[in-house]
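Open the model in your viewer and keep the selection tool at hand. This tour moves from ring to ring, then turns to confidence.

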Amino acid sequence: MSSENVSEIKDCYSDDIFKYLLSLESNAKVPKDYLQNIQPNVNEKMRAIMIDWLVSVHDRFILRYETLFLTVNVFDRYLSKVTVDRKKLQLVGITAMLIAAKYEEMYPPDVSDYIYICESAYSRNDILNMEQNMLKVIDYSLSNPTCLHFFYVQPIISCDSINCGTAGAVSAVGNTDSIAIDKAVFNTAKYLMELALDMDSLDYLPSQITVSAIHLAYNIIEQQMPQVLLDSALIKSHSLDDIKPCMDHLGYLLTKTNINCSTTKDKDYCIGVKPPNVAQKCAEVLDATRKKFARAKLMQISIHPKVKDYKVQTI
């Protein structure tokens with residue numbers, strides 16, 4: 001089947017696909033307090049360090065964005081059901097990536113690559129046994145939608161400002177139903193979605209995070225959302241009132257990433273920001289995502305003046 005035929009089929013069924021994804025996303029939702037209830041040996045800081053490391057590994061292997069989001073989904077779903085010793089946390093993380101890569105990638109890394117990246121801390125049998133165990137625990141369910149599935153269900157593509165805000169743009173696969181948005185907005189939204197791999201974001205559904213990231217990206221870059229995007233099924237799926245808590249949370253995440261808590265001024269600012277736990281967590285900000293999005297291929301969006309200077313207002 002040609003790419004044109006695939007595009008026509010996707011265009012025809014995009015609304016049905018979107019509705020189906022909405023019906024699925026609650027099934028894989030992980031409770032935010034699962035660490036306290038299931039993992040006596042693993043705390044939130046350990047999880048944050050592990051996710052930061054997985055972001056770095058994902059970047060080093062040059063994997064698809066979908067693979068990263070599925071990795072974290074599998075990681076959290078497994079830990080929400082099975083108590084794990086902290087010494088095995090890295091094994092769970094790297095095996096989650098092995099599973100996600102097999103599902104999402106055309107040429108996934110070999111088990112030997114994961115052994116190397118872990119500095120031989122685990123053997124081939126360790127990883128393969130964990131893979132079997134994890135797949136059984138999550139019931140071999142790998143098709144649960146993540147943020148990126150909603151971001152791409154009606155293809156959103158980046159463009160130069162002069163061509164933005166139009167429908168009928170042609171995507172790389174020949175899809176003529178794509179919505180073209182400004183490159184800075186596009187990459188800011190992706191940056192916000194990746195920052196939302198934190199623990200507190202488990203409070204929100206993937207579609208809520210996606211819609212919130214798009215709205216907030218337009219606010220940060222100070223552009224008006226084009227009507228064609230406002231009219232899309234994605235944006236209409238959640239009202240601004242519904243996603244306000246999620247947008248606020250993404251704003252706090254970006255603020256936390258941008259603030260340098262080594263100065264008295266910024267420490268005082270942290271204390272004034274709500275939610276209160278931002279102040280405690282501010283010094284624990286991990287940097288893999290920010291560094292990745294500081295590269296030229298991602299438009300250096302994490303150091304874009306409007307992005308890096310963003311701070312939520314003190315409440």
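This is a predicted model: local features need pLDDT of at least 70, side-chain atom pairs count only at pLDDT 80 or more; totals for chains, interfaces and linings use all residues.

Phe151 sits in helix α8 (residues 147-153) and Phe186 in helix α9 (residues 183-195), so the pair ties together parts 35 residues apart in sequence. Phe186 is buried too, at a relative accessible area of 9%.

Next, zoom out. Across the whole structure, a search finds six aromatic pairs. Another of them joins Phe61 and Tyr114: the centres are 5.5 Å apart and the planes stand at 90°, so this pair is edge-to-face. Follow the chain between the two rings. Phe61 is in the loop between α3 (44-60) and α4 (65-79), while Tyr114 is in helix α6 (residues 111-117), 53 residues apart. Tyr114 counts as buried, at 0% relative accessibility.

Then select Tyr65, Tyr191 and Phe293. These residues form one aromatic cluster.

Finally, colour by pLDDT. The chain averages 83, and 79% of the residues score at least 70. Go to helix α7 (residues 124-137) for the highest confidence, at a mean of 98. Strand β2 (residues 166-169) has the lowest, at a mean of 41. Select residues 161-176: pLDDT stays under 50 here, and the model has 36 contacts beyond four places in sequence for this stretch. End at residues 261-284, where pLDDT also stays under 50 and the model has 35 such contacts beyond four places in sequence.

Terms used: Residues are numbered from 1 along each chain as its sequence is written. Side-chain values use heavy atoms; hydrogens and water are left out. Rings of Phe, Tyr and Trp (its six-membered ring) pair if their centres lie within 6.5 Å; planes under 30 degrees apart count as stacked, over 60 as edge-to-face and the rest as tilted. Helices (H or I, at least four residues) and strands (E, at least two) are DSSP runs, numbered from the N terminus. Buried means under 20% relative accessible area, exposed over 50%, partly exposed in between (1.4 Å probe, protein chains only). pLDDT is the predictor's confidence in each residue, from 0 to 100. Contact means heavy atoms within 4.5 Å.
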